[in-house]
Amino acid sequence: MSSTAEMEAGGGDESLDVKGAAAAAAPEPSFSGHRWTSVKPVWTLLEEAAQIKTEGNAFYREKNIRSAIGRYHRALLVLRGLDSDVMTSLKGFGPEIPALTPEQEALLRNTQVDCYNNLAACLLQRQNVDYSRVLDYSLRVLQWRPGDVKALYRAGVATLEMGDAQTAKQYLTEACREQPNDANVRKHLQRAEEKLNLDLQKERAMYRGMFSLSLKSSPADGINQTNSASEEV
């Protein structure tokens with residue numbers, strides 16, 4: 001089984017039929033005010049986005065991260081006008097797009113999930129990683145596909161690097177449950193647990209120090225009180 005540290009450039013989604021997909025340079029769907037102006041059929045847009053995503057995967061395999069990111073963003077832009085979650089806020093402003101069939105809805109979500117997962121993978125390859133964006137992309141995936149191992153892993157890595165070891169442990173524990181033999185998941189889960197143990201030790205040491213200081217100050221207070229009382233006598 002492949003490591004979750006790698007981007008899924010292949011897999012079941014790549015077997016989708018994208019024959020006849022429009023060229024990547026074709027005009028993208030757009031809005032005129034609040035009106036949907038794309039004249040392309042729904043299937044054409046879905047296939048176009050899937051094809052652009054495939055191009056992004058090829059760039060990723062070639063280590064051309066910048067071009068891969070550009071392709072994934074473009075694929076998501078093509079799909080934006082077909083996403084009911086996005087279009088709901090525009091209801092009542094011009095003609096509505098046709099409702100997607102279950103097959104079209106599945107292709108839409110699968111392509112979106114792959115693009116966001118792969119964007120997170122791309123960001124993790126950069127020298128200066130924006131972990132907040134990695135987390136954002138991973139959470140988008142988990143919104144549509146709860147239990148996605150790659151998204152759980154990357155969300156765990158991001159939250160751990162952002163300093164939240166407790167949340168990181170939750171994500172990584174779930175990822176490890178789904179993929180127990182993945183070395184990267186286990187490594188980062190161990191890192192999260194070590195960080196939590198270190199924080200716990202520091203907290204205990206702090207309380208021990210406070211308790212010890214309290215004990216040291218108590219006898220002195222008692223002597224002072226005794227002296228004051230004898231002086232009064």
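Select alanine 151, which has its place in helix H6. Helices here are DSSP runs of H or I with at least four residues, strands are runs of E with at least two, and both are numbered from the N terminus.

Before moving on, note that this is a predicted model: local features need pLDDT of at least 70, side-chain atom pairs count only at pLDDT 80 or more, and totals for chains, interfaces and linings use all residues. Residues are numbered from 1 along each chain as its sequence is written, and side-chain values use heavy atoms, with hydrogens and water left out.

**Stay on alanine 151.** Is alanine 151 buried or exposed? Alanine 151 is buried, at a relative accessible area of 0%. Buried means under 20% relative accessible area, exposed means over 50%, and partly exposed lies in between (1.4 Å probe, protein chains only). Setting aside residues up to four places away in sequence, alanine 151 touches Asn117, Ser138, Val141 and Leu142. Contact means heavy atoms within 4.5 Å.

**Next, select asparagine 117.** Asparagine 117 belongs to helix H4, residues 102-124. With a relative accessible area of 5%, asparagine 117 is buried. Beyond neighbours within four places in sequence, asparagine 117 contacts Val141, Asp148, Lys150, Ala151 and Arg154.

**Show H4 and H6 together.** Their axes come within 10 Å and cross at roughly 35°. Axes are lines fitted to C-alpha atoms, for helices over the stretch in contact, and angles run from 0 to 180 degrees between N-to-C directions. H4 passes H6 in a left-handed crossing. Left-handed means the near helix is turned anticlockwise from the far one by less than a right angle; clockwise gives right-handed. Select Asn117, Ala120, Ala121 and Leu124 in H4, which meet Lys150, Ala151, Arg154 and Val157 in H6. By class, this contact of H4 with H6 has 5 nonpolar, 1 polar and 2 charged residues. Nonpolar covers Ala, Val, Leu, Ile, Met, Phe, Trp, Tyr, Cys and Pro; charged covers Asp, Glu, Lys and Arg; the others, Gly among them, are polar.

**Move along H6 to H7.** The axes of H6 and H7 come within 8 Å and cross at roughly 155°. That makes H6 roughly antiparallel to H7. The cut-offs: under 35 degrees is roughly parallel, over 145 roughly antiparallel, 65 to 115 roughly perpendicular, and the rest oblique. The crossing of H6 and H7 is left-handed. Among the contact residues are Leu152 and Tyr153 of H6 and Tyr171 and Leu172 of H7.

**Now the core.** The largest nonpolar core holds 48 residues, and those with the most contacts inside it are Leu46, Tyr60, Tyr72, Leu119 and Cys122. Such a core is a set of buried Ala, Val, Leu, Ile, Met, Phe, Trp, Tyr and Cys residues joined through side-chain atoms within 4.5 Å. H4 gives the largest share of this core, 10 residues. Click leucine 46: apart from neighbours within four places in sequence, leucine 46 contacts Leu79, Leu82, Gln104, Leu107 and Leu108.

**Jump to lysine 63.** Lysine 63 lies in the loop between H1 and H2. Lysine 63 is exposed, at 64% relative accessibility. Lysine 63 has a positive phi of about 65°, although it is not a glycine. Most residues other than glycine have a negative phi.

**Zoom out.** The protein chain has 8 helices and 2 strands. Along the sequence the pattern is β-β-α-α-α-α-α-α-α-α. Of its 233 residues, 37% count as buried.
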